[in-house]
Amino acid sequence: MKLMIATCQFPVDADICRNQEYVMRQMRAAKERGADVAHFPEACLSGYAGADFASCDELDWGLLRDSTERVLDLARQLRLWVILGSSHRLTGPHKPHNSLYIVDDRGELVDRYDKMFCAGDDDPDTPTGDLANYSPGNHFSVFSIGGIRCGALICHDYRYPELYREYKRRGVQVMFHSFHAGHVIPERLRAMQDYVGAEFHRLNRGSTLPGITMPATMQAAAAANHVWISCPNSSARESAWPSFFVRPDGVMTGRLRLHTAGVLLSTVDTDEPLYDSTAAWRDRALHGVFHSGTLVRDKRSEDRTRL
C-alpha cells in the first residue's frame with residue numbers, strides 16, 4: 001500500500017489568522033502535488049505557549065475554534081487528511097492540552113492526540129516548561145489512512161523510546177511526529193550553543209541539543225521499530241532544524257530548507273523491501289524475551305565470575 005505524505009513547515013507564531021493562512025495555503029499545495037495527508041508542526045494553528053507567546057491565557061479561544069473549523073472545512077473540500085497541531089481547551093481551571101487533531105478527508109475529527117510527556121519539572125506549585133502552560137495527555141492515537149496504520153506523537157515525546165515501542169506493538173507503520181523547535185531568541189540560541197561547546201559543533205549536524213538529538217533520535221526510532229516518520233518543525237527563526245522525513249531503515253529521504261516555509265512530499269510504500277536488521281527478533285523483545293536464537297545450558301555460561 002502507498003501513501004503520499006506532505007510534511008509542512010512555516011514560521012509558526014502567535015497570530016492565529018496568519019497561522020491559518022499558512023496552513024490552508026500549504027494544504028492546497030499538498031493536494032495539488034498529489035498528497036493524501038498534510039502533516040503540520042506542533043501548535044501550528046494556535047501558536048506555542050512559552051515560545052510564540054507567554055501563556056495560554058493570551059489565546060483567543062473563539063478565534064481558534066473558528067480557524068480550526070475553516071481548516072476542517074477545507075480538508076473536506078480538498079478530500080485531504082490533515083494532522084494539525086494546536087491547543088485544545090479544557091474546562092474550568094485546567095490548562096489546555098498540546099494536541100494534534102487527526103482530520104480525515106471528509107473534514108471529520110476522527111481522533112486527537114494530546115502530548116503525553118510535556119517538558120518541565122514536577123513541582124505542582126511552580127511548574128516549568130510545557131507544564132507551566134499545558135496539561136499532559138495519557139492516550140495513544142492509532143488510526144488508519146488508506147489501510148495503513150498510523151500513530152502520532154509531539155516533540156518532547158521523542159525522548160521516550162517506550163512510546164515508539166508501544167506504537168509498534170499496536171501495529172503502527174507510519175508515525176506523524178510534530179515538533180516545535182523554533183522561535184529561539186538569539187541570546188537563548190547562543191546559550192544553547194555554548195552548552196554544547198564550539199569544539200563539538202563541527203562533529204555534529206547541529207549546534208544545539210535539539211538540533212543534534214531530535215533528527216538523530218528520529219532516524220534511530222525509525223530503524224529500531226521499522227516505521228516511517230514524518231517530522232515537521234516550525235521554521236520561525238531561530239529554528240533548530242528543517243522538517244524532514246525518514247524511512248523504516250533509518251535513511252532520511254527528504255529535508256526542507258532551514259527558516260523557509262515549504263512542503264516536503266514523501267511516498268510511503270509498505271511493500272518496499274527495506275532493510276530491517278531486527279525483523280527476526282523484534283517481536284520477542286517487545287514481549288520481554290531479551291535474546292535471539294536458542295539459549296544453552298552450560299556451567300561455563302552460568303558461572304560469570306570465572307575465566
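Me: At roughly what angle do the axes of helix α3 and helix α6 cross?
Reply: In this predicted model, helix α3 spans residues 161-169 and helix α6 spans residues 209-225. Their axes come within 10 Å of each other, and the crossing angle is roughly 35°.

Me: Is the crossing of α3 and α6 left-handed or right-handed?
Reply: The contact is made by Tyr164, Arg165 and Lys168 on the α3 side. On the α6 side it is made by Met218, Ala221, Ala224 and Asn225. The crossing of α3 and α6 is right-handed.

Me: How many residues in the contact of α3 with α6 are nonpolar?
Reply: Tyr, Met and Ala count as nonpolar, and the contact includes Tyr164 of α3 with Met218, Ala221 and Ala224 of α6. By class there are two charged residues and one polar residue, and the number of nonpolar residues is four.

Me: Which residue forms an aromatic pair with Phe140?
Reply: The structure holds 11 aromatic pairs. The one with Phe140 is edge-to-face, at 5.0 Å centre to centre and 80° between the planes; planes over 60 degrees apart count as edge-to-face. The partner of Phe140 is Tyr167.

Me: How many residues apart in sequence are the parts that the pair of Phe140 and Tyr167 ties together?
Reply: Phe140 lies in the loop between β5 (109-114) and β6 (142-145), whereas Tyr167 lies in helix α3. The pair therefore ties together parts whose separation in sequence is 27 residues.

Me: Is Tyr167 buried or exposed?
Reply: The relative accessibility of Tyr167 is 1%. Buried means under 20%, so Tyr167 counts as buried.

Me: What is the angle between the planes of Phe179 and Trp241?
Reply: Phe179 and Trp241 form an aromatic pair, with 5.0 Å centre to centre. The pair is edge-to-face, and the angle between the planes is 80°.

Me: Where do Phe179 and Trp241 lie, and how many residues apart in sequence are the parts they tie together?
Reply: Phe179 is in the loop between β8 (174-178) and α4 (186-196). Trp241 is in the loop between β9 (228-231) and β10 (244-246). The pair therefore ties together parts with a sequence separation of 62 residues.

Me: Over the ring of which residue does the charged end of Arg25 sit?
Reply: The charged end of Arg25 is 5.0 Å from the centre of the ring. The ring belongs to Tyr22.

Me: What is the relative accessibility of Ser86?
Reply: Ser86 is placed in strand β3, residues 81-88. Leaving aside neighbours within four places in sequence, its contacts include Ala43, Cys44, Leu64, His97 and Tyr101. Ser86 counts as buried, with a relative accessibility of 1%.

Me: Is the peptide bond from Arg237 to Glu238 cis or trans?
Reply: Most peptide bonds are trans. Glu238 lies in the loop between β9 and β10. The bond from Arg237 to Glu238 has omega near -10°, and is cis.

Me: What is phi of Arg79 near?
Reply: Most residues other than glycine have a negative phi. Arg79 is in the loop between α2 (61-78) and β3 and counts as partly exposed at 46% relative accessibility. Its phi is positive, near 55°.

Me: Where is His226 found?
Reply: His226 has a positive phi, near 55°, in a residue other than glycine. His226 is in the loop between α6 and β9.

Terms used. Residues are numbered from 1 along each chain as its sequence is written. This is a predicted model: local features need pLDDT of at least 70, side-chain atom pairs count only at pLDDT 80 or more; totals for chains, interfaces and linings use all residues. Side-chain values use heavy atoms; hydrogens and water are left out. Axes are lines fitted to C-alpha atoms, for helices over the stretch in contact, and angles run from 0 to 180 degrees between N-to-C directions. Helices (H or I, at least four residues) and strands (E, at least two) are DSSP runs, numbered from the N terminus. A crossing is left-handed if the near helix is turned anticlockwise from the far one by less than a right angle, and right-handed if clockwise. Contact means heavy atoms within 4.5 Å. Rings of Phe, Tyr and Trp (its six-membered ring) pair if their centres lie within 6.5 Å; planes under 30 degrees apart count as stacked, over 60 as edge-to-face and the rest as tilted. Buried means under 20% relative accessible area, exposed over 50%, partly exposed in between (1.4 Å probe, protein chains only). A charge sits over a ring if NZ of Lys or CZ of Arg is within 6 Å of the ring centre and within 35 degrees of the ring normal.
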